[in-house]
Structures are given as structure tokens and as C-alpha cells.
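Please look over the sequence and the model below before reading on. The briefing that follows takes up the chain as a whole and then its sheet and helices.

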Amino acid sequence: MSTMIATRDAYGQTLAELGEENKSIVVLDADLSGSTKTSVFAKKFPERFFNMGIAEANMVGTAAGLAAAGKIPFVSTFAIFAVGRAWEQVRQSVAYPKANVKIVATHGGVTVGEDGGSHQSVEDIAIMRAVPNMTVIVPADGPETAKAIRAAAAYNGPVYVRLGRNKVPTVFADDAPFAIGKGSQIVDGTDLTFVTTGLMTAQAKAAADILKAEGISARVVHLATIKPLDCEILLKAARETGAIVTAEEHSIVGGLGGAVAEFLSENCPAPLKRVGVHDRFGLSGKAEELLKYFGLMPADLAEAGREIVRKKRG
Amino acid sequence: MDSEKITVLQETARQLRVDIVKALHSSQSGHTGGSLSAIDMVTALYFHTMRHNPAEPKWEGRDRFVLCKGHAAPALYVALAHAGYFPKEDLMMLRRLGSHLQGHPDSKGTPGVEVCTGSLGQGLSMANGMALALRLDGSASRVYALLGDGELQEGQVWEAAMAAGHYKLDNLCALVDVNRLQIDGEVAKVMDVEPVTDKFRAFGWNVIDIDGHDMAAIVATLDQAASVKGKPTVIVARTVKGKGVSFFENKASYHGVPPSDEELPKALECLGEQCYL
């Protein structure tokens with residue numbers, strides 16, 4: 001049984017460590033520091049933590065100003081507010097000037113749970129991916145989050161990192177390599193490839209086990225970075241397995257599935273199926289219930305895998 | 001400050017007005033009225049108040065300027081060119097493909113431009129961020145932010161005003177170019193922003209109300225702002241849109257309209273300049 005860590009907890013811990021190592025790091029939050037876990041940094045470095053109140057537009061603009069004066073600001077709130085409320089500030093004040101601002105949004109996707117559709121961001125990956133100069137990262141687990149946060153701090157430019165609320169199974173070893181723009185093949189296979197991001201990677205790993213018992217060999221490729229896309233690993237998967245199932249805790253419009261479909265349809269067309277939220281808003285419920293409701297469980301992925309293999313074989 | 005220095009600044013402002021008109025005529029696109037209303041303040045900042053070094057635009061000890069009302073970019077560009085950040089000839093390439101002088105300020109291409117502005121309401125937040133960073137570093141540098149009065153209709157301005165008051169940013173000085181006009185007409189009729197002074201005072205600011213074309217008053221007020229401790233200062237400057245060119249003055253229709261071929265010599269004449277076309 002793998003350990004369970006919430007990516008937001010890994011973020012809070014890593015940010016506090018980075019604060020010790022790099023005095024240029026400053027952190028801004030909009031009254032959600034207890035939830036986003038920036039409170040760990042705030043407690044350790046109160047002079048470098050700025051609570052901006054419930055005013056996300058000003059928070060993002062302030063971060064851009066801090067970056068213009070040489071700081072490395074990490075900005076946190078829920079994904080729905082970071083990307084939704086402050087979208088134009090992210091575009092104009094951060095991405096357009098290529099400001100060195102890290103937007104680390106927690107509570108992405110439907111596993112926000114009981115708070116319901118108003119608080120469940122299912123379109124943030126698509127929105128951030130459409131913005132020029134933006135790098136988009138969705139880590140799979142705690143250890144990968146720690147590495148992604150460190151990589152974001154070391155990278156000079158705007159980065160969007162999407163994290164989750166709940167504890168998720170650990171997929172990667174602490175010493176697994178991580179680089180922005182590089183995908184990871186975590187299970188080898190020949191009949192199809194699951195291309196996944198965030199918590200759906202652990203679900204795909206379980207789906208691959210289900211299919212294996214039926215004699216279907218599924219590869220699992222995890223893309224922590226959705227932009228820039230790891231084209232090489234996708235081409236290899238499409239050529240070698242000839243069938244693709246994408247999976248994300250996000251709308252099937254414009255996110256990981258959209259990115260993979262755009263790239264492969266132009267460069268190596270293969271039967272492809274997108275698993276995700278089908279162009280609709282979320283709703284209240286327990287996280288696990290919602291994953292079932294939206295068809296994001298290993299059994300759903302296994303069924304998508306069977307379907308795509310049938311399609312490939314004609 | 002002695003009157004001779006004021007006279008020199010007034011002459012600089014006149015020359016900058018001439019270059020604004022010429023640059024806008026050359027591009028046949030851009031914002032005339034709001035550039036001319038703001039230029040006396042921009043002149044005072046770049047040629048009297050701010051510590052800056054055109055030979056080293058990123059000099060650490062510099063004061064920062066944010067043109068929140070980014071559509072008045074010509075006012076910023078002529079000041080930077082006169083100060084020596086880039087050749088004055090560049091001004092004639094305003095808004096053209098391949099020029100670093102974008103329609104609205106772009107820090108990626110133009111030396112001396114600190115941040116990207118143009119989408120109204122975002123500049124003061126960025127100025128706040130700079131002021132916070134400079135204070136963390138123990139720097140003596142100050143931050144100046146120039147807003148429009150129409151811009152005050154943007155909610156983010158008041159989020160930023162609240163934050164500047166909360167964080168007691170006394171190294172920040174905002175200037176509001178109250179030219180009373182916006183694209184659709186009078187600010188008071190489109191969406192009244194008055195009383196501007198009371199609003200900023202309520203947000204914890206030191207507020208000074210002046211004539212935004214009185215060079216002696218601008219200079220004295222900027223000096224005074226630097227000595228105020230524990231709160232940010234806002235200079236509410238009453239101005240005339242299109243100031244200096246009689247037929248542009250107080251006309252909302254010249255908000256985003258450049259001088260035509262026919263208007264150019266007349267405009268330059270208003271500014272005391274010979275025209276050799």
C-alpha cells in the first residue's frame with residue numbers, strides 16, 4: 001500500500017524549505033493560507049508573506065510588481081479563483097511581460113468535493129494552456145509536487161501549478177527524476193497508452209493492472225507538464241501502441257486530452273479517447289463519490305482501454 | 001525650488017508635447033488627449049524627482065515609474081527618449097510593426113519601461129508589489145504610479161488602494177490625472193468617480209489636490225510626498241485633456257485620435273513650434 005499525501009501538503013512543506021534556501025522567495029495568499037498550506041511559510045517567514053485579503057486580482061498584480069523588482073513570488077489560492085477571478089491579471093501582468101511569478105493553485109478538479117460546482121475548477125488547465133509564455137504543471141503525487149515546486153522556483157518565467165485538496169496515493173519514488181516538459185513512462189505496454197496527469201495517473205496504473213489480467217497490455221505515460229508538451233514521448237506511444245486514452249480530473253475540452261489530441265492528430269493520428277469531465281460543472285458530494293460519478297475510476301479507464309483497443313483492431 | 005528651474009522644466013514639457021504630437025501624427029494611431037494631460041507630471045518625474053540612469057536602465061538604486069494609464073504611452077516614450085534611454089528617432093516608429101514602441105508600454109522591449117500596462121486598473125497593484133519588494137530590501141528607492149481618472153472605475157484600483165494603505169507603503173506615490181474625460185464622454189456622466197480625494201483618504205492615503213499643469217506645484221508636491229511617513233501619498237492632479245493644443249483641449253473625441261496631416265502644423269503652432277513639412 002502506497003503512502004497517501006495531499007499535493008497541497010507537499011507544497012506547503014517544500015515552500016517553507018525553499019524559503020530557507022532562497023531569500024528572494026516571497027509568498028502571497030488571498031485569505032486561504034490554511035487551505036493552500038502557504039501558512040507553513042507564513043509562520044516561518046512572516047516578513048516575506050503577504051496576505052492580500054479576498055482580492056485575487058490585486059494579489060496577482062502585486063506579485064508581478066514583486067517579480068519586476070527581483071523577487072520570486074509564489075501566489076496561492078484555489079484554482080477557480082487564481083485562474084478564474086484573476087485571469088486577465090495573469091495574462092496582462094504576469095504572462096505578457098514574462099514575469100517570474102509562480103501561480104500555485106490548490107483545490108483543482110472535482111475532488112474538492114462538498115463545496116460543489118462553484119468551487120470545482122474543471123477548466124483551469126485549458127485556460128492556462130491557452131496563455132502564451134505560460135508553463136502548466138499538474139503533479140501526480142506528493143513527492144512529484146515537491147520536485148515540481150523546486151523546478152518552478154528554479155525556472156525563470158511564469159508557471160502555473162495545479163494541486164489537489166485530498167490525499168492521493170504516491171506513484172513516484174523520492175528519487176524519481178523530474179524536469180519541466182518531460183513526461184514519465186511508469187508502466188510499459190504495447191496495446192494502448194494511457195496518457196494521464198495529476199491524480200489520474202494512479203487511477204491509470206490500477207486500470208493497467210485490470211487490463212493485464214485480461215491479456216491487454218497498457219502503457220501508462222504520466223505528463224506532469226501539460227505545457228510545454230512532451231512530444232517525443234507521445235509520438236513514441238502513438239507509434240508503438242497505436243491507441244491512446246487520455247485521463248484528467250478536468251474537462252475533456254482543452255486540457256490534457258485536448259493538447260494530446262491536437263498534437264497527435266497532426267503528427268501521428270491514432271484512435272484516441274478522452275476521459276475526463278464531459279463539458280459540465282461539478283457538484284457537491286464526497287471526493288470518491290464524485291470520481292465515480294464522473295467516470296474517473298480505474299474501472300472506467302479500463303473500459304475506455306478495451307474500447308480503444310477494439311477500435312484500433314477494427 | 002527657484003523659478004529658473006521651473007522655467008527649464010516647463011520648456012522640457014513643451015518640447016515633449018511637440019514630440020507627442022509628432023509621434024502620434026507619424027503613427028496615425030494612438031491616444032492624444034491623455035498623453036498631453038499627463039505630460040507635465042511625467043516631465044517633473046523624469047527631469048526633476050526620480051533618481052534614474054538612462055545609461056543603465058536596470059540600475060538597482062533607481063526610482064520606479066508605472067504608467068497605469070498605459071494608453072498614454074507616448075507621454076512615457078517621449079520622456080524616455082529625451083532622457084536618453086533610446087534614440088528620439090524611434091518615436092517616429094511608434095506602433096509600427098517591428099518597433100519596440102508598442103501601442104501600450106511593454107517592458108520586454110523598451111529600455112526604461114518597468115512593467116507591461118495598458119489594461120486599465122492593473123498598474124497600481126504592480127506598483128504596490130515593487131514598493132513591497134524595495135522595502136524588504138531596505139532600499140531608498142521610491143515608486144511612482146500614474147493613473148487616469150476614468151481608470152478609477154476599475155475595481156482592482158480600490159483593491160490596490162486598500163492594500164497600499166494596509167501595508168503603509170510610504171515609498172509609493174500615486175498620481176491621478178483627473179482630466180475629467182473618457183472615451184464615451186465626461187467621467188461624471190459615464191460613471192462618476194468623485195469625490196476622489198475623500199475616497200483615497202478613506203483608504204488610508206495622504207492626499208494632495210493640485211493643478212496638474214502647475215509645474216511649481218507638481219514639483220513641490222512630489223518633494224513633499226517623499227517626506228510623508230507611514231502612509232502612501234496620492235496626488236490628485238486636475239488637468240485638461242489635450243492640454244497645449246487648443247483644438248484638442250477638453251474634447252473626449254480626441255481620446256484615441258491622432259493629429260491629421262491638416263491638424264499637425266496647427267497643433268505645432270499652438271505649442272510654439274515652427275513646422276517644416
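This is a predicted model: local features need pLDDT of at least 70, side-chain atom pairs count only at pLDDT 80 or more; totals for chains, interfaces and linings use all residues.

**The chain as a whole**
- Chain B holds nine helices and seven strands, and its C-alpha atoms fill a box of roughly 55 × 45 × 40 Å along the principal axes.
- A compact globule of 277 residues would have a radius of gyration near 19 Å, and the 17 Å of chain B agrees with this.
- Among contacts in chain B with a separation of 6 or more, 76% come from residues 24 or more positions apart.

- Five strands of chain B form an open sheet in the order S1-S2-S3-S7-S6, with parallel pairing.
- Strand S1 (64–67) and strand S6 (206–211) of chain B each have a single partner strand, so one side of each is left without a neighbour in the sheet.
- Neighbouring strands of this sheet are turned by 20° against each other on average, if direction is ignored.
- Strand S3 (residues 172–178) and strand S7 (residues 233–238) of chain B run parallel and are joined by six bridges, and Cys173(B) stands opposite Thr233(B) in S7(B).

**Helices on the sheet**
- Helix H8 (residues 215–225) of chain B packs on the sheet, where it touches S2, S3, S6 and S7 of chain B, and its direction makes about 170° with that of S6(B).
- Helix H2 (residues 33–49) of chain B lies across S1, S2, S3 and S7 of chain B, running at about 150° to S3(B).

Definitions and conventions
Residues are numbered from 1 along each chain as its sequence is written. Chains are lettered from A and ligands numbered from 1 in the order in which they are written. Side-chain values use heavy atoms; hydrogens and water are left out. Two strands pair if DSSP finds at least two bridges between them. Helices (H or I, at least four residues) and strands (E, at least two) are DSSP runs, numbered from the N terminus. Axes are lines fitted to C-alpha atoms, for helices over the stretch in contact, and angles run from 0 to 180 degrees between N-to-C directions. Contact means heavy atoms within 4.5 Å. The radius of gyration is taken over C-alpha atoms; the globule rule is 2.2 Å times the number of residues to the power 0.38.
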